[in-house]
Amino acid sequence: MKIKQKGIIAMMLLFVLVMSGCSLPGLSKTSDHTIVIGTLNTTESQIMGNIIRQMIEHDTNLKVEMANNLGSSIVQHKAMMNGDVDITATRYTGTDLVGALGMEPVKDPKQALSIVQKEFSERYHQTWFDSYGFANSYAFTVRKDLADKENLKTVSDLKKIAPDLRLGVDNAWLKRKGDGYEGFVHTYDMEFGKTFPMQIGLVYKAAANGKMDVVLAYTTDGRLKSYNLKVLKDDKKFFPPYDASPVARNEVLQKHPEIKKILQKLQGKIDTEKMQELNYEGDGKMKEPATVAKEFLQEHHYFE
């Protein structure tokens with residue numbers, strides 16, 4: 001009981017610190033010549049954070065510190081607002097459009113990017129850069145053998161066989177409003193024979209083992225590659241766009257304009273398939289994010 005109480009107290013303290021605007025424990029800059037990069041607790045975010053870190057270290061004399069494992073988009077946004085973090089490595093248009101900005105979701109990727117860039121500049125004095133080139137979105141995914149047999153390329157192609165298929169999905173998605181299952185049925189005019197709610201980490205193996213026919217996955221997940229799964233095109237643009245970009249505080253960019261040039265070098269350089277590969281290097285081959293980042297940059301000569 002005491003352990004549970006301590007856990008609850010710790011969670012309440014974190015919530016109070018975040019919502020009150022106080023600095024989070026462990027996030028403090030050592031000098032104006034130190035750049036702090038914040039990442040989420042995902043392989044993808046930490047790979048991108050290390051790519052930025054290593055490019056800054058390669059191209060400048062600035063010191064770089066990492067603030068890894070920020071628990072959510074809300075936590076990393078507060079860390080930026082407090083000045084504890086200077087750059088967040090992975091911000092996603094669909095996530096922050098609804099979360100940090102409190103606006104309605106937008107289905108057009110270019111429009112979504114334009115909105116977050118304008119709003120973050122005006123509201124928060126932050127620069128939302130153009131996308132790295134990849135989007136980490138929800139995607140309907142099938143085994144490659146099933147895709148080949150039924151000639152499945154788009155989500156609409158599933159309609160003819162949907163009543164006979166088993167769908168494995170994230171627990172929360174089935175009941176979510178807007179871009180959840182109810183909205184999907186309305187948009188695509190199809191329902192699957194059976195739906196199985198499960199943890200997102202289990203859907204890939206379930207599909208590969210033949211226990212599921214279709215699973216709702218993430219487009220950049222390295223397990224798509226390791227389990228030989230095929231992503232179907234969301235031809236009716238049901239899911240909001242989740243294009244990934246770095247975001248930096250304008251104050252830091254003004255003090256160190258070289259950072260802006262470094263971040264601009266990464267625009268459009270990593271597409272969704274490449275991010276899948278990088279994530280697979282981390283999750284599938286168990287490489288450290290810093291190692292994956294270093295190998296990627298060496299391959300591209302640090303985009304010099």
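**Exercise 1.** In this predicted model, determine which residues of helix H13 (residues 289–299) are buried, and where they lie around the axis.

*Solution.* Begin with the list of residues whose relative accessible area is under 20%: in H13 these are Pro-289, Val-292, Ala-293, Phe-296 and Leu-297. Next, consider their directions: they cover an arc of only 125 degrees around the axis, which means that they lie on the same side of H13. Then ask what covers these buried residues; the answer includes helix H2 (43–59) and helix H12 (272–283). Finally, follow the chain past the helix, where H13 is followed by His-301, a residue with a positive phi, near 55 degrees.

**Exercise 2.** Work out how many residues of strand E1 (residues 34–40) are buried, and identify the strands with which E1 pairs.

*Solution.* Count first: seven of the seven residues of E1 are buried, so the strand is largely enclosed by the rest of the structure. Then separate the two faces, recalling that in a regular strand the side chains alternate between the two faces of the sheet. On one side of E1 are Thr-34, Val-36, Gly-38 and Leu-40, on the other are Ile-35, Ile-37 and Thr-39, and all of these are buried, so that both faces are covered.

Turn next to the partners. E1 pairs in the parallel sense with strand E2 (residues 63–70) over six bridges, and within this pair Ile-35 stands opposite Val-64. E1 also pairs in the parallel sense with strand E3 (residues 87–92), here over two bridges, with Gly-38 opposite Thr-88.

**Exercise 3.** Find which residues have the most contacts inside the largest nonpolar core, and which element supplies its largest share.

*Solution.* The largest nonpolar core has 35 residues, and those with the most contacts inside it are Ile-51, Ile-52, Ile-56 and Ile-87. Several elements each supply at least two residues of this core, among them E1, E3, strand E10 (244–249), H12 and H13, while the largest share, six residues, comes from H2. A second, separate core of 25 residues includes Tyr-138, Val-155, Phe-192 and Leu-216.

Conventions. Residues are numbered from 1 along each chain as its sequence is written. This is a predicted model: local features need pLDDT of at least 70, side-chain atom pairs count only at pLDDT 80 or more; totals for chains, interfaces and linings use all residues. Side-chain values use heavy atoms; hydrogens and water are left out. Buried means under 20% relative accessible area, exposed over 50%, partly exposed in between (1.4 Å probe, protein chains only). Helices (H or I, at least four residues) and strands (E, at least two) are DSSP runs, numbered from the N terminus. The arc is that of the directions from the helix axis to the C-beta atoms. Contact means heavy atoms within 4.5 Å. Two strands pair if DSSP finds at least two bridges between them. A nonpolar core is a set of buried Ala, Val, Leu, Ile, Met, Phe, Trp, Tyr and Cys residues joined through side-chain atoms within 4.5 Å.
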